[in-house]
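Hi,

Here is the structure I said I would pass on.

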There are 2 protein chains.
Amino acid sequence: MPPDTPRSTSTRRPAAAPRRQAAGPDAATIHHGIRRDHSEETAQDYVEAIAALIQQSNEARAVDLARKLGVSHVTVVRRVARLVEQGYVTSEPYRAIFLTDKGRALAEECTVRHETVLAFLLAVGVPAAAAERDAEGIEHHVSPETLEAMNGFLKRNS
Amino acid sequence: MPPDTPRSTSTRRPAAAPRRQAAGPDAATIHHGIRRDHSEETAQDYVEAIAALIQQSNEARAVDLARKLGVSHVTVVRRVARLVEQGYVTSEPYRAIFLTDKGRALAEECTVRHETVLAFLLAVGVPAAAAERDAEGIEHHVSPETLEAMNGFLKRNS
DNA sequence: CAAAAAATGTAGCTTCGACTACATTTGGAA
DNA sequence: TTCCAAATGTAGTCGAAGCTACATTTTTTG
Ligand SMILES: [Mn+2]
Ligand SMILES: [Mn+2]
Ligand SMILES: [Mn+2]
Ligand SMILES: [Mn+2]
């Protein structure tokens, strides 16, 4: 039995309007890329945080990571196990967490990018508190091309 | 029995280095904010896509959303059900999806912000394809302050 | 050194977004 | 008007990320 609600005037595929020219990849491909960014985001924030803690204190404890990232220690422990699998960190039971060469390299790359994004936001006039907040999310969506443009801007306005 | 691996030289809380001045919220608060951004991201991309489809075709079908967002139609159907609960869209079985006033308002806001971010990236010299990709992710991490700064930059360099 | 506190580990739960496979409905074409 | 392809719905699975509660180990402290 058909639903008693009035159906829309145009019922089916209503003569798609002519597509405006799309230069880059299509929308679906772009959204796939965003989801990839997000799947890599956690690992990046973890190694960045671990590197910072090691710099500060010579070691990164799970509890420090939990505090810094604002999650429970369980979440940290489980994520760190995956980072071990992925070869970014080493970890022994009841001991601190350390970076592998691969982890150090990723941390270095992410830290540089993070600082570039932050400096760029400040340079275009974003207030410090907002810049620090936004940089933490934006950094994971900055392509090499955009990073290049940000560096260019910083160089021009130095 | 203690593990036979040598323990780290400094065993516990090793005299935390003096904190450099932190103006804004602490790291944990920032990361909470990012996770909030991400929890709102899907709804924003959906209403934006729905609005675009309605503009083009007078209605948004689940299959069109699936194509545009690069996910299966099941993912769309389930997310749309949650958007209905949240009051952003209306949807009858086997019919198209429409925006509520609330949904239209959110879509409008997101579209404007999206276009500002895109225009800004282009204005600072990011190649078009990269700008389009990056804007899709960055848009969700742009605070009102940063949006304001972007608009200021665009106004100054027009 | 023994007890208390802190850190870590483990078990089990929830939500969300993604998927495949299959069932049902709809709308247009034969 | 019947039939078929397309669209939608439904059931069930999975992995990631979050949580609480409780067990175990380590480190600090009395
Ligand atoms: Mn980050
Ligand atoms: Mn993001
Ligand atoms: Mn987006
Ligand atoms: Mn968008």
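**Metal site in chain B**

The manganese ion (ligand 3) is held at 2.1 to 2.4 Å by Asp45(B) (OD), Glu136(B) (through both O and OE), Glu139(B) (OE) and His140(B) (NE2). Bear in mind that this is a predicted model. Along the chain, the donors of ligand 3 are spaced as D-x90-E-x2-E-H. There's a neighbour too: the manganese ion (ligand 4) sits 3.6 Å from ligand 3, and Glu136(B) coordinates both.

**Where chain B meets chain A**

Each chain puts residues into the contact: 59 from chain B and 59 from chain A. Together they bury about 4,900 Å², with carbon and sulfur atoms giving 56% of that. On the chain B side, the residues losing the most area to chain A are His31(B), Arg95(B) and Arg133(B), together 11% of what that side buries.

Arg133(B) turns up again in a salt bridge with Glu145(A) (3.7 Å, N to O). The count between the two chains is two salt bridges, and 14 residue pairs are in polar contact across the interface.

As for elements, H1(B) gives the largest share of chain B's side, 12 residues. By class, that side has 23 nonpolar, 16 polar and 20 charged residues.

Cheers

Note on methods
Residues numbered from 1 in each chain as written. Chains lettered and ligands numbered in written order. Predicted model: local features only at pLDDT ≥ 70, side-chain atom pairs only at ≥ 80, totals over all residues. Heavy atoms only, no water. Contact = heavy atoms within 4.5 Å. Buried area = accessible area lost by both parts, 1.4 Å probe. Salt bridge = Lys/Arg side-chain N within 4 Å of Asp/Glu carboxyl O. Polar contact = N/O pair within 3.5 Å; in protein donor to acceptor, adjacent residues only side chain to side chain. Helix = DSSP H or I, 4+ residues; strand = E, 2+ residues; numbered from the N terminus. Nonpolar A, V, L, I, M, F, W, Y, C, P; charged D, E, K, R; others polar. Donors = N, O, S within 2.8 Å, 3.2 Å for Na, K, Ca; no water.
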